[in-house]
Amino acid sequence: MTNVPNQTSAQVQQVISGHTVDVLITNQDPPLVARIRMIGIEAPSWKQKPWGDQAKTCLQKMLSETSDQQSVMLELDVEEQDRYSRWLAYVWIDGVLVNEQLVAKGCALASPLAPNNKISTVRFKALFLNWSVPAVTLLLVPWPA
């Protein structure tokens, strides 16, 4: 996403997993399709049945509830890419932080890691007070690094 400002709008093209989406960024010439890894959360891998499928479905449902053809706002932090060349971003829909909502709904765990901690670690950790049964279940399932 070279030359993409710190915040940019995008259209979700595909949900890959409970924390990864492919987006189309149209404010570039030419438009760019980018894989986005959501910052500050961990969700089960798609390989971990049935939890991976449940996390992916949760994100799909959350994104499908948006009225503007899955339009999202991406917000970058200090580190722009991970070791798999995915772009790292906070994903917002109508001013709501999707990363945070996935934790609140028990679909992902809060996992803020430096240097990407623009969104307060305290804000994510506060969600643990409202854990649901699925979130507690996720803690019992080890995910590969």
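The following dialogue explains how to read several features of this predicted model.

Q: Where does the model come from, and how are its residues numbered?
A: The model is predicted, so local features need pLDDT of at least 70, side-chain atom pairs count only at pLDDT 80 or more, and totals for chains, interfaces and linings use all residues. Residues are numbered from 1 along each chain as its sequence is written, and side-chain values use heavy atoms, with hydrogens and water left out.

Q: How many helices and strands are there in the protein?
A: Helices (H or I, at least four residues) and strands (E, at least two) are DSSP runs, numbered from the N terminus. The protein has four helices and eight strands. Read from the N terminus on, its elements follow the order β-β-β-β-α-β-β-β-α-β-α-α.

Q: What share of the residues counts as buried?
A: A residue is buried under 20% relative accessible area, exposed over 50%, and partly exposed in between (1.4 Å probe, protein chains only). Of the 145 residues of this protein, 46% count as buried. One example is E75, in strand β5 (residues 71-75), which is buried at 8% relative accessibility. E75 and L97 lie 22 residues apart in sequence, and their C-alpha atoms are 10.0 Å apart in space.

Q: Which strands pair with β3?
A: Two strands pair if DSSP finds at least two bridges between them. Strand β2 (residues 20-25) runs antiparallel to β3 and is joined to it by six bridges. These two strands form a hairpin, with six residues between them. Within this pairing, L24 has V33 of β3 as its bridge partner. Strand β6 (residues 87-93) runs parallel to β3, with three bridges between the two; here R37 stands opposite L88 of β6.

Q: Where do side chains point in a regular strand?
A: In a regular strand, side chains alternate between the two faces of the sheet.

Q: How many salt bridges does the whole structure hold, and what defines one?
A: A salt bridge is a side-chain nitrogen of Lys or Arg within 4 Å of a carboxyl oxygen of Asp or Glu. A search of the whole structure finds four. One of them is between R35 and D22, with N to O at 2.7 Å. R35 lies in strand β3 and D22 in strand β2, so the pair ties together parts that are 13 residues apart in sequence. R35 is partly exposed at 37% relative accessibility, whereas D22 is buried at 11%.

Q: What are the N to O distances in the salt bridges of R37 with E42 and of D53 with K49?
A: For R37 and E42 the distance is 3.1 Å. R37 is buried at 9% relative accessibility, while E42 is partly exposed at 27%. For D53 and K49, the closest N and O atoms are 3.2 Å apart. D53 is partly exposed, with a relative accessible area of 35%, and K49 is partly exposed at 48%.

Q: Are C58 and C107 buried or exposed?
A: C58 is buried, with a relative accessible area of 13%, and C107 is buried at 12%.

Q: What is the volume of the largest pocket, and which residues are closest to its centre?
A: On a 1 Å grid over the protein atoms alone, a pocket is an open set of points where a 1.4 Å probe fits, with protein on both sides within 12 Å along at least five of seven lines; lining residues have an atom within 4 Å of a point. Grid points are joined across faces, edges and corners, and a volume is the space filled by probe spheres set on the points. The largest pocket has a volume of about 830 Å³. It is lined by 30 residues, and the closest to its centre are R37, E42, D82, Y84 and R86.

Q: Which strand gives the most to this lining?
A: Strand β3 gives the most, with three residues. β1 (7-17), β3 (32-38) and β4 (41-42) each supply at least two.
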